[in-house]
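Biologist: I would like to learn how to read a structure. Could you take me through one, feature by feature?

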Amino acid sequence: MLDLQRLRALHAVSVHGSVGAAASALGYTPSAVSQQITKLERETRSVLLERDGRGVRLTADARQLASAAQEMLALMERAETELEQRRGVAAGLLTVAAFASAARGLLPGVLAELAVRHPALDVRLSEVDPHLSVDMVAKGAVDVAVVHDWDIAPLPLPSGVEQAVIGDDPCTLLVPRTHAFAGRTSVRRAELGDQRWVCQPPGRVCHDWLVRTLREAGHTPEIVHQADENPTLVALIAAGLGIGLVPRLGRGPLPPGAVEVPLDPAPVRRLYALWRTGASGRPAIVETVRALREGWAESPGGPVG
């Protein structure tokens, strides 16, 4: 009989793409994950991982086993959910993925509130981009994801994943204090041509939204500086190196060199909590979603949308 923990390790490698990343997600060492895979190879008399440059890739046998492991883990999750529902107590391990500004501006208070209200619940947070965390929820790599999308760039959801709206996060135009837009009561999108922009890298939701929005207004943005973190973008703007669209959540106080100017119409990103359909009745999920929505009302972006 195949060992479920070894299948879980293989499934984690298939989801996260490497032994190291799988180990981090499972809370193991890379050596421990490698040992589990080696034992599974002996059990199945199959080669499961092959060298691929500096990393590894799954063989056809490994992909079949990982798919079966996902089904088995889903069955276990449903069984655990039913037991938790019978007890009516939020308990056990719950893994949460959240994008950077939510992890900074929303989750600390939510996690602290959950720890006080539900001492038997062990919530663990990882910072993950929304494009990646949706798939992680679908594949069982995390239990809950906090994600966002924009009006013109909705985030597609796979089947078997549920969502609840947390709230709407307004996004404002930040410009250097010496910029021509500084002091304006509002700026129209049609005025945003011929500007130097600071923005997140391609593939990030905010970058894609900026490019699509300006193109619809007849402009191709000149992105001169790119950074992952919003505080870095704000610092670049304050230094006079460009303008940028930065959401309020997790932004923090503006430095003296940066000024907020409302954009007309104002862009808004919507925040969601995601979880698997099979775990919808789990008290830990229900309480975490509740805490996220209540926490949003007290965040810079609130109230709940």
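**Reading a buried histidine, a core and a crossing**

Modeller: This is a predicted model. Start with His219: its relative accessible area is 19%, under the 20% cut-off, so His219 counts as buried.

Biologist: Where does His219 lie?

Modeller: His219 sits in the loop that links α8 (205-216) and β9 (222-226).

Biologist: Which backbone oxygen does the side chain of His219 reach?

Modeller: That of Ala190, at 3.1 Å. His219 also touches Arg189, Leu192, Gly193 and Leu214, leaving aside residues up to four places away in sequence.

Biologist: And what about nonpolar side chains?

Modeller: In soluble globular proteins, they tend to be buried together. Here the largest nonpolar core has 28 residues. Leu94, Leu106, Leu107, Val146, Ile166 and Leu292 touch the most other members.

Biologist: Which element gives the most to this core?

Modeller: α10, with six residues. Among the other elements that give two or more are β3 (92-98), α6 (107-117) and β5 (144-150).

Biologist: What does Leu107 touch?

Modeller: Val96, Ala98, Ala102, Leu125, Val146 and Leu292, again not counting residues up to four places away in sequence. Apart from this core lies another, of 21 residues, including Ala153 and Val205.

Biologist: Now helix pairs. At roughly what angle do α1 and α2 cross?

Modeller: Roughly 115°, and their axes come within 8 Å. The crossing is right-handed. Among the residues making the contact are Ala9 and Val13 of α1, and Ala22 and Leu26 of α2. By class, the contact has eight nonpolar, one polar and one charged residues.

Technical notes
Residues numbered from 1 in each chain as written. Predicted model: local features only at pLDDT ≥ 70, side-chain atom pairs only at ≥ 80, totals over all residues. Heavy atoms only, no water. Axes fitted to C-alpha atoms, helices over the stretch in contact; angles between N-to-C directions. Helix = DSSP H or I, 4+ residues; strand = E, 2+ residues; numbered from the N terminus. Left-handed = near helix turned anticlockwise from the far one by under 90°. Contact = heavy atoms within 4.5 Å. Nonpolar A, V, L, I, M, F, W, Y, C, P; charged D, E, K, R; others polar. Core = buried A, V, L, I, M, F, W, Y, C linked by side-chain atoms within 4.5 Å. Buried < 20%, exposed > 50% of the residue type's maximum accessible area, 1.4 Å probe, protein only. Polar contact = N/O pair within 3.5 Å; in protein donor to acceptor, adjacent residues only side chain to side chain.
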